[in-house]
Amino acid sequence: MSDVAVPARGWRGAVAAWDRFWFRPEMPHKLAALRMAAGAMLFYTHLVWAVNLDGFLGRRAWIPRDLSRAMHEGTWAFSYLWYVEHPALLWALHIAALAVFALLTIGLWTRVVSVLALLITLSYCHRLEGSLFGLDQFNTMAAMYLAVGACGGVWSVDAWLRRRRGIFELTPAVSTKVATRLWQIHMCIIYLFGGIGKARGELWWDGFALWYAAANSEYQSTPLTWIIYMPPLMALITHVTVFWETFYIATIWRPSLRMATLAVALLVHLGIAVHMGMITFGLAMIIGNAIFLPQSWFDRWGSSAERGT
Amino acid sequence: MRADGPITFSMNGKRSTKKRSDRSRQPASAQSPQGCPWSIRRRAIVSVLVSIHVAAVFIPPFTFATSRGPGEASPFAVPLMRVWQPYVDTLFLNHGYFFFSPNPGPNHLLRVELRFGDDRPAESYLIPDRSRLWPRLYYHRHFMMTETLHSLYAPPEPPPEIVEDPAAVQRWRQARDRYEWMRDSFVRHIQAETGADRVWVTRVEHRQPTPYEFLEEGIGLTDPRLYRDLPD
């Protein structure tokens, strides 16, 4: 991340800064950790469709495939699930999809399954338009960048198999850096527009937005209505949320502010997970923020783990 | 060792195939090469690709943020969105990221009423219903569907202000057809799942109590006064 803090002078300096930012090779530990976490999230997300696979993807679907295709009419979206309705085939494809996500999580044939995981995730999202929310946006983002970067180099079955064959080389990869940067920028854009959207609402300015989130019984999982008895705290949390989201894109890149920015992210998303019933979304965004944790932490964990084995 | 060459680690306590240097005991990042093994040409191509991609992530929420309604976004954003549309659609990037924005508003549910041809009593329930739908993510999927149905709603007759505008009437017709298609699909799904002879669905808005209502009038979060049937 020090790549970002170095000031660029002149166009040569700008090119060098661009090179440092995007193309300095990076060890795979951080992306590998995120592969395990995001892979598990992808697996669970798709496992839940199996509770009523026919009801979401089959002949008795809430949103039949014809309607799903019509909702994407005139767009470039594609889903192989638009062409499948037979229950047995649907189940076979769904089990295959779960197997791909499981393989991604444990890191077996990572290079291939990461690309397959992206294609599968996109197909499910396009087919299931109408029942999606922020979790699916995270899933697609994570699958996309895990397909770009070399995320199976460590903490994976692939790495274990390589070691068994006597191959101990671990090479920093440029693709890992590119994937990391894309993921980081994507997170910044999500929060920037999340903040801009809130800044357009009166309730986010008068300090009562948190109340209307807390008093939302369809979301609520643990009571948060006590917050109304503490108006200054309620308003403070509301205001901090707006400012934190809007300026995340600036503060997260400053080494002196990064951990504070991530600490607020942790609190906000834990709050969403615990109080607002969106455990998966809250966890997903915490995983997403982990892309900004210092690379050295992961390298150190990796080195410790390797010394310990 | 070349600046961008492999780094040798000793795994499982076994001797590495390469001699372990003192530097390899440091954390990996400390010995990571500074240089990039990619050629300038490759970096240039990837630079263009990542710029296109970052633009594709940025443009949809930017267009959404500048929008005052369907097709009424900033004249700067609209042509950009048109150019990036294929890429954005393909990679499922068309999002606004307006979570709970601009204000945390009311929820939109679906009341289902069932009549059976046999002796079973009539049933009525709301979707989503936490007592029927588990795990929580499964419940949330149903919640999002009822919200989507609401977002697609178009009135059964064209609004008076557009009846003189054929293009607007056509847009209204398409919107109404799409809404009815989804509503009827929901009905068919519920009928198939429950075996009911007749199924009625009604959109229901559930708003939050204001702080005054909650504190002074004792209106709870699920008070019947907070629910309102919406027209079909």
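This is a predicted model: local features need pLDDT of at least 70, side-chain atom pairs count only at pLDDT 80 or more; totals for chains, interfaces and linings use all residues.
Helix α8 (residues 134-148) of chain A and helix α10 (residues 174-199) of chain A pack with their axes 8 Å apart, at an angle of about 160°. The two helices, α8(A) and α10(A), are therefore roughly antiparallel to each other. The crossing in which α8(A) passes α10(A) is right-handed. On the α8(A) side, the contact is made by Phe138(A), Met141(A), Ala142(A), Tyr145(A), Leu146(A) and Val148(A). These residues meet Ser175(A), Val178(A), Ala179(A), Leu182(A), Trp183(A), His186(A), Met187(A) and Ile190(A) of α10(A). By class, the contact of α8(A) with α10(A) has 12 nonpolar residues, two polar residues and no charged ones.

Helix α8(A) has another partner to look at. With helix α15 (residues 279-289) of chain A, α8(A) packs at an angle of about 35°, and the axes are 9 Å apart. Here α8(A) passes α15(A) in a left-handed crossing. From α8(A), the residues in this contact are Gly134(A), Leu135(A) and Phe138(A). From α15(A) come Thr280(A), Phe281(A), Ala284(A), Ile287(A) and Gly288(A). Sorted by class, the contact of α8(A) with α15(A) has five nonpolar, three polar and no charged residues.

Helix α10(A) can be followed onward to helix α13 (residues 231-251) of chain A. The axes of α10(A) and α13(A) come within 7 Å and cross at roughly 140°. That angle makes α10(A) oblique to α13(A). The crossing of α10(A) past α13(A) is left-handed. On the α10(A) side stand Met187(A), Cys188(A), Tyr191(A), Leu192(A), Gly194(A), Gly195(A), Ile196(A), Lys198(A) and Ala199(A). Facing them in α13(A) are Thr241(A), Val242(A), Trp244(A), Glu245(A), Thr246(A), Tyr248(A) and Ile249(A). The contact of α10(A) with α13(A) divides into 10 nonpolar, four polar and two charged residues.

The view now widens to the two chains together. The size of an interface is often given as the accessible area lost when the parts come together. Between chain B and chain A, the buried area is about 8500 Å². Carbon and sulfur atoms give 67% of that area. The contact takes 94 residues from chain B and 96 residues from chain A.

Salt bridges also feature in this interface. The structure holds 20 salt bridges over all chains, and four are found across the interface of chain B and chain A. In one salt bridge, the side chains of Arg43(B) and Asp19(A) meet at 2.5 Å, N to O. This pair crosses between chains, with Arg43(B) in helix α1 (residues 40-65) of chain B and Asp19(A) in helix α2 (residues 10-23) of chain A. Another salt bridge joins the side chains of Arg178(B) and Glu73(A), with an N to O distance of 3.7 Å.

A few details of the backbone complete the tour. In chain B, the peptide bond from Ser101(B) to Pro102(B) is cis, with omega near -5°. Pro102(B) is found in the loop between α2 (77-90) and β2 (107-115) of chain B. A cis peptide bond also joins Ile127(B) and Pro128(B), where omega is about 5°. Pro128(B) is found in the loop between β3 (123-127) and α3 (136-151) of chain B. In chain A, the residue to look for is Trp109(A), which lies in the loop between α6 (87-106) and α7 (110-127). Phi of Trp109(A) is near 55°, a positive value in a residue other than glycine.

Methods: Residues are numbered from 1 along each chain as its sequence is written. Chains are lettered from A and ligands numbered from 1 in the order in which they are written. Side-chain values use heavy atoms; hydrogens and water are left out. Axes are lines fitted to C-alpha atoms, for helices over the stretch in contact, and angles run from 0 to 180 degrees between N-to-C directions. Helices (H or I, at least four residues) and strands (E, at least two) are DSSP runs, numbered from the N terminus. Angles under 35 degrees count as roughly parallel, over 145 as roughly antiparallel, 65 to 115 as roughly perpendicular and the rest as oblique. A crossing is left-handed if the near helix is turned anticlockwise from the far one by less than a right angle, and right-handed if clockwise. Contact means heavy atoms within 4.5 Å. Ala, Val, Leu, Ile, Met, Phe, Trp, Tyr, Cys and Pro count as nonpolar, Asp, Glu, Lys and Arg as charged, and the others, Gly among them, as polar. Buried area is the accessible area (1.4 Å probe) that two parts lose on being put together, summed over both.
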